[in-house]
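Q: I would like to learn how to read a protein model. Please take me through some features one at a time.

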Amino acid sequence: MIDSDRIVNEFVKLVSFDSETGNEKEISDYLLGLLSDLGLEVERDSIGNIYGLLTGDKDRGPILFSSHMDTVSPGRSKKAIIHDNGKITSDQKTVLGADDISGLVSIIEMLRVIKEEGLSHGDIEVLFSVQEESFCSGTAGYDFDRIKSKQAYVLDLSGPIGGCALAAPSIITFTETVYGKSAHSGFDPESGIHAIAIAAKAISEITNGHIDEDTTVNIGLIEGGSAPNIIPDKVVITGEIRSLSHDKALKQADHIEEIFNKAVEDMGARSGHEIKINFKAYETSKDSDTVKRYIRACEKSGIRAQTGKTFGGSDNNRLAEHGIEGIVISCGMNNVHTTNEYTSVQDLTMSAMVTLALATD
Ligand SMILES: [Zn+2]
């Protein structure tokens with residue numbers, strides 16, 4: 001049986017680790033031992049990601065569950081406070097870390113119940129990743145060849161239990177640099193080329209916010225100039241494009257590059273462009289076995305499944321890149337990445353129920 005008290009105890013324990021991105025060693029040592037005690041064959045790669053395998057019936061296909069071990073900051077010395085109504089918060093000085101400890105405890109409880117009750121299942125693979133919060137850099141170099149599953153559930157979504165995201169965007173960081181020419185602003189301003197003025201003109205031609213229903217653009221950072229009395233010779237503009245269509249995201253990046261090229265052209269300036277593709281968009285079909293299995297698992301747990309899309313990246317983007325059909329599922333986290341983050345005993349319990357139903361389907 002799913003044991004709420006056990007889930008909450010595990011949650012409190014995992015929250016007590018300082019596990020901000022890049023500092024996952026302690027929580028990872030603990031989880032490695034725990035998975036091993038639960039009968040999984042475990043491995044930790046050189047980056048710090050944990051892989052576990054619980055062998056099951058070969059005639060039932062393998063299934064992968066994944067959550068990440070890191071939290072955003074402020075996440076040091078955090079503690080879970082359990083309120084009378086079942087709500088669980090931090091002390092408001094740090095995040096709670098339900099993102100993604102709620103996912104970790106759901107998977108652990110599922111494994112515990114399976115072991116305790118000797119429930120039948122196929123091969124269960126577990127991937128606990130590091131550095132998810134920095135554009136999933138932890139799994140960027142992961143050896144996905146070791147994963148046998150073609151179906152995956154990434155427990156890393158906020159909102160009510162039963163929610164799941166079938167699609168996620170491409171996320172591209174772009175950097176535009178305008179190179180002008182410095183000169184003294186009082187003695188000889190005309191011999192300078194004003195990089196800030198040129199950049200301002202280009203920026204004014206870029207739409208921030210929604211470009212269409214799939215795509216957003218944001219100029220997020222601008223750095224340039226050296227002194228009030230110097231014509232600035234360099235400005236660096238950094239921004240982000242998100243789109244549920246990878247092509248649309250690339251098109252926007254080209255469009256922005258063109259605007260800057262045009263702006264520098266007539267002014268004798270020069271521009272530099274750089275893009276970094278952090279994530280590539282994917283969409284898992286509503287008719288896929290992965291989604292059908294999730295809907296069944298929710299029904300079995302007395303919850304209605306709600307399919308949707310997310311505008312954030314997750315380790316599921318990585319799985320999709322490697323041909324593994326996954327979805328991101330709600331596991332009991334709200335107001336994530338804030339000190340008002342919370343979960344509840346009820347949500348953690350329901351999430352474990354859904355996870356167990358998935359594993360034993
Ligand atoms: Zn997360």
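Q: Among contacts in the protein chain between residues at least 6 apart in sequence, what percentage join residues at least 24 apart?

A: Two residues are in contact if their C-beta atoms, placed from the backbone, lie within 7 Å. Among contacts in this protein chain between residues at least 6 apart in sequence, 76% join residues at least 24 apart. Note that this is a predicted model: local features need pLDDT of at least 70, side-chain atom pairs count only at pLDDT 80 or more, and totals for chains, interfaces and linings use all residues. Residues are numbered from 1 along each chain as its sequence is written.

Q: How many helices and strands does the protein chain have?

A: Both are DSSP runs numbered from the N terminus: helices are H or I with at least four residues, strands are E with at least two. The protein chain has nine helices and 17 strands. Its C-alpha atoms fill a box of roughly 85 × 40 × 40 Å along the principal axes.

Q: What percentage of the residues count as buried?

A: A residue is buried if 20 or more other C-beta atoms lie within 10 Å of its own, exposed if 12 or fewer, and partly exposed in between, with C-beta atoms placed from the backbone. Of the 361 residues in the protein chain, 49% count as buried.

Q: Why is helix α9 described as largely enclosed by the rest of the structure?

A: Helix α9 is largely enclosed because 12 of its 15 residues are buried. Among them are D347, M350, M353 and L358. Its length can be checked too: the expected span of a helix is 1.5 Å times one less than its number of residues. For α9 (residues 345–359) that gives 21 Å, and the end C-alpha atoms are 21 Å apart, which agrees.

Q: How do the axes of α3 and α9 cross?

A: Axes are lines fitted to C-alpha atoms, for helices over the stretch in contact, and angles run from 0 to 180 degrees between N-to-C directions. The axes of α3 (residues 98–117) and α9 come within 8 Å and cross at roughly 55°. Angles under 35 degrees count as roughly parallel, over 145 as roughly antiparallel, 65 to 115 as roughly perpendicular and the rest as oblique. The two helices are therefore oblique to each other. Residues of α3 including S102, V105 and E109 belong to a group that meets one in α9 including L348, A352 and T355.

Q: In what order do the strands of the open sheet of three lie?

A: Two strands pair if DSSP finds at least two bridges between them. The order here is β4-β5-β17, with antiparallel pairing. β4 (81–82) and β17 (342–344) stand at the edges with a single partner strand each, so one side of each has no neighbour in the sheet. Three bridges join β5 (residues 87–89) to β17. T89 has Y342 in β17 as its bridge partner.

Q: Which residues are joined by cis peptide bonds?

A: Most residues other than glycine have a negative phi, and most peptide bonds are trans. Here a cis bond joins S73 and P74, with omega about 0°. P74 lies in the loop between β3 (63–68) and β4. Another cis bond joins D99 and D100, with omega about 20°, and D100 lies in helix α3.

Q: Are Q92 and C136, with their positive phi, buried or exposed?

A: Q92, with phi near 75°, lies in the loop between β5 and α3. Q92 counts as exposed, because it has 12 C-beta neighbours inside 10 Å. C136, with phi of about 55°, is in the loop between β6 (124–129) and α4 (137–140). C136 has 21 such neighbours, so it counts as buried.
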